[in-house]
Amino acid sequence: MSNVENRCRLVLVVPDMPDLAQRSKVLAGALRGGDVASVILPQYGLSDAEFQQHAELLVPVIQKAGAAALIEGDTRVAGRAKADGLHIVGGADVLGDAIEKHTPKLIVGGGNASDRHHALEIGELRPDYIFFGRTDGDIKPEPHPKNLALAEWWASMIEIPCVVMGGTDPQSVLAVAETGAEFVALRLAVFGEPEQAPAVVAAVNALLDEKAPRFED
């Protein structure tokens, strides 16, 4: 078994699937494919009640696989579903409020860091992680160049871990890993063809094992 702690690890963003049973089955399959550090669960177009229902079913699936379950935005849903944390998509003010109210009981990270100035504002809040990109920002095969540049700058000088949104091509994880980022997030690259999700997660982990740079202790 490889030491995944000393290289970039995978974060999954659950895709937009209104059918809860299918969503649960596809996610469970992906998690069986290999190492996943955490899973972000966005609300998409679900009502609050539907989102609650999805979270209560999916959070145990995620936790059983040894990953952290992060609810995007909704603190009440996170609490009721017994999630591990919150992924905040707003700016520093929203993130700061969530950190003040919910750490250290919950993992709290995210932020909307579109440039160095906003990233440093977020860093001053000491979140558990900063996220470069949007959870639905995988619109091209490769990661957004701006997010890669921000991650490389951040990883070289700040100890707070960063997560970078990858592209629709599973191979895009290498471009993220080479920035020094601790985590790479994938959505459509894994779930675009749901039946292939376990194989894609396995292949991504093998690629990171083989080619990702190692962190210094």
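Modeller: By the rule applied here, the count comes to six salt bridges, a salt bridge being a side-chain nitrogen of Lys or Arg within 4 Å of a carboxyl oxygen of Asp or Glu. The model is predicted, so local features need pLDDT of at least 70 and side-chain atom pairs count only at pLDDT 80 or more, whereas totals for chains, interfaces and linings use all residues. Residues are numbered from 1 along each chain as its sequence is written, and side-chain values use heavy atoms, with hydrogens and water left out.

One of these salt bridges joins the side chains of R7 and D209, at 2.9 Å from N to O. R7 lies in the segment before β1 (9-13) and D209 in helix α9 (residues 197-211), so the pair ties together parts that are 202 residues apart in sequence. Helices (H or I, at least four residues) and strands (E, at least two) are DSSP runs, numbered from the N terminus. R7 is buried, at 1% relative accessibility, while D209 is partly exposed, with a relative accessible area of 28%. In these terms, buried means under 20% relative accessible area, exposed over 50%, and partly exposed in between, with a 1.4 Å probe and protein chains only.

A further salt bridge is formed by the side chains of E5 and R9, with 3.5 Å from N to O. Here E5 is exposed, its relative accessible area being 56%, but R9 counts as buried at 14% relative accessibility. The pair also belongs to a network of salt bridges that links E5, R9 and D35.

D136 and R134 form another salt bridge, and their closest N and O atoms are 3.0 Å apart. D136 counts as partly exposed at 38% relative accessibility, and R134 is exposed, with a relative accessible area of 51%.

As for the cysteines, the structure holds zero disulfides, a disulfide being a pair of cysteine sulfur atoms within 2.5 Å. C8 is in no disulfide, and the nearest cysteine sulfur, that of C162, is 8.2 Å away. Likewise, C162 is in no disulfide, the nearest cysteine sulfur being that of C8. C8 is buried, with a relative accessible area of 1%, and C162 also counts as buried, at 0% relative accessibility.
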